[in-house]
Amino acid sequence: PNAIVAGRDARYNCIWSDAYLLYDVENSYNQSYICISKLENCMIKYIWLFIVLSCLTGCHMRLDNRLDDAESMLNDQPDSALFMLRSISEDDLSSPAQKARYSLLMSMALDKNYIDVASDSIISAAAKFYEKRGAKQDKAKMFFYLGRTQYNAEDYSHALISFDRAASYAEKADDIFVTAM
C-alpha cells in the first residue's frame, strides 16, 4: 500500500518505478503510464543521441579520413581497403586532388589484391594530377602503378619508361618504402 515499488516491465522493455506515487494495486494503469512515459523519454534521448553521433561521425569521417583509412590498410588488409574504396561513390570526390588520390589508391588496392588491370581508366586521374603536382612519394607510386597497368596491357616500352620515372622520383623522395616498390 504505501511501499515504493520498482521493477522491469517486459512488455515495454523499460524499468519503472512508482517512487513518485503511492502504490495502488487496483490502479496499475498509473504504472503503465509512467513506464510508457519513460519509454517515450528514453526513445527521444536515443533519437537525439543518434542524431548527434551521426553528425559527429559525418564531420569526423570525411572522405579524406576514409581515404586515409583505406591507405593505412593497403599493406596488411588489401581486401578491406579495396572494399572501403569501392564503397566510396566517385560523385563524392569533389576536388582533383581527391580524385587523384582515390584513383591511385584504387590502383594500388587492385594490384595488391592480384587483380590485373590493363586499362588506364582507373590510374588516369592520378596520372594527370601527379604529373604536374603532388609529393614525390605520390608521383613515384603513380608512375609505378601506371607502369604496372601498361605492363598488363603489354605496352612494355611505356611501362619501362614509367618504371624508370617511378625509380627516379622514389630516389628523390628519400622514402625507403617507396624506393622498395
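The lining of the second largest pocket divides into 6 nonpolar, 4 polar and 4 charged residues, where Ala, Val, Leu, Ile, Met, Phe, Trp, Tyr, Cys and Pro count as nonpolar, Asp, Glu, Lys and Arg as charged, and the others, Gly among them, as polar. The model is a predicted one, in which local features need pLDDT of at least 70 and side-chain atom pairs count only at pLDDT 80 or more, while totals for chains, interfaces and linings use all residues. Residues are numbered from 1 along each chain as its sequence is written, and side-chain values use heavy atoms, with hydrogens and water left out.

Rolling a probe the size of a water molecule over the atoms shows where empty space is left. A pocket here is an open set of points on a 1 Å grid over the protein atoms alone, where a 1.4 Å probe fits, with protein on both sides within 12 Å along at least five of seven lines; lining residues have an atom within 4 Å of a point. Volume is the space filled by probe spheres set on the points, which are joined across faces, edges and corners. The second largest pocket holds about 160 Å³ of space. Of its 14 lining residues, Ala-127, Glu-131, Phe-143, Leu-146 and Gln-150 are the closest to the centre. At least two lining residues come from each of α5, α6 (136–152) and α7 (156–173); helices (H or I) are DSSP runs of at least four residues, numbered from the N terminus.

The largest pocket has a volume of about 190 Å³. Its lining includes Glu-90, Lys-99, Tyr-102 and Met-106, and divides into 5 nonpolar, 3 polar and 2 charged residues. Helix α4 gives the largest share of this lining, 4 residues.

Aromatic rings can be followed next. Rings of Phe, Tyr and Trp (its six-membered ring) pair if their centres lie within 6.5 Å, with planes under 30 degrees apart called stacked, over 60 edge-to-face and the rest tilted. The count comes to 5 aromatic pairs. Phe-144 and Tyr-145 pair edge-to-face, at 5.0 Å centre to centre and 90° between the planes. Both Phe-144 and Tyr-145 are buried (under 20% relative accessible area, with exposed over 50% and partly exposed in between, for a 1.4 Å probe and protein chains only). Ring pairs also link Phe-144 and Tyr-145 with Phe-163 into a cluster.
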